[in-house]
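Hi,

Here is the structure I said I'd pass on.

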Amino acid sequence: MTNFGDLHCQVDLRFDNPIIRDHRVHGVRTMPGVTFLDIIYRILSARGVALERAELRNVLFVEPVVATEEFDREISVELVGQSSAYRVSAKSRKVKDGHALSEEWTQHLEAELHLDSPFPS
């Protein structure tokens, strides 16, 4: 397994961000799950990882990310190396004007990242 160390990335998602402003589920501004995949691949690209050698497996979208006029979201994405893959997780907490409204984090995504693995036959 290619080793680039453990990674942590923070993304601030404001209520008025076009990603969620224009995507609503039952009237609630909701971040499309595919946005997490984009974030993960952007992190890898920024670290110089050849994306054609990166494969996400067992992707589980646990709970959608939502924001309202009352709060934005601070999103944390972590890639933690294990024996044969990286454990990927994403969570968020409510924030407003740069201040956490709660110390409670909500889990949104879990996945495995495999690098340099042969393409399954």
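Predicted model: local features only at pLDDT ≥ 70, side-chain atom pairs only at ≥ 80, totals over all residues.

Glu-55 pairs up with Arg-57 in a salt bridge, with 3.2 Å between the closest N and O atoms. Arg-57 is partly exposed too, at 28%.

Across the whole structure, the search turned up seven salt bridges. Another of them joins Asp-22 to Arg-21, closest N and O atoms 3.1 Å apart. Here Asp-22 is exposed at 56% relative accessibility, while Arg-21 is partly exposed at 35%.

Then there's Arg-93 with Glu-74, where the closest N and O atoms are 3.0 Å apart. This pair ties together distant parts of the chain, with Arg-93 in strand E7 (residues 86–96) and Glu-74 in strand E6, 19 residues apart. Both ends are buried: Arg-93 has a relative accessibility of 13%, and Glu-74 has 11%. Glu-103 joins these two in a network of salt bridges.

Also in strand E6 (residues 72–81) is Val-80. Beyond its neighbours within four places in sequence, Val-80 touches Asp-6, Ala-85, Tyr-86 and Arg-87. Its C-alpha lies 21 Å from that of Glu-63, 17 residues away along the chain.

Last, helix H2: its 13 residues (34–46) span 19 Å from first C-alpha to last, close to the expected 18 Å. Its buried residues include Phe-36, Ile-39, Ile-40 and Ile-43. Just past H2, Gly-48 has a positive phi of about 85°.

Cheers

Key
Residues numbered from 1 in each chain as written. Heavy atoms only, no water. Helix = DSSP H or I, 4+ residues; strand = E, 2+ residues; numbered from the N terminus. Contact = heavy atoms within 4.5 Å. Expected span 1.5 Å × (residues − 1). Buried < 20%, exposed > 50% of the residue type's maximum accessible area, 1.4 Å probe, protein only. Salt bridge = Lys/Arg side-chain N within 4 Å of Asp/Glu carboxyl O.
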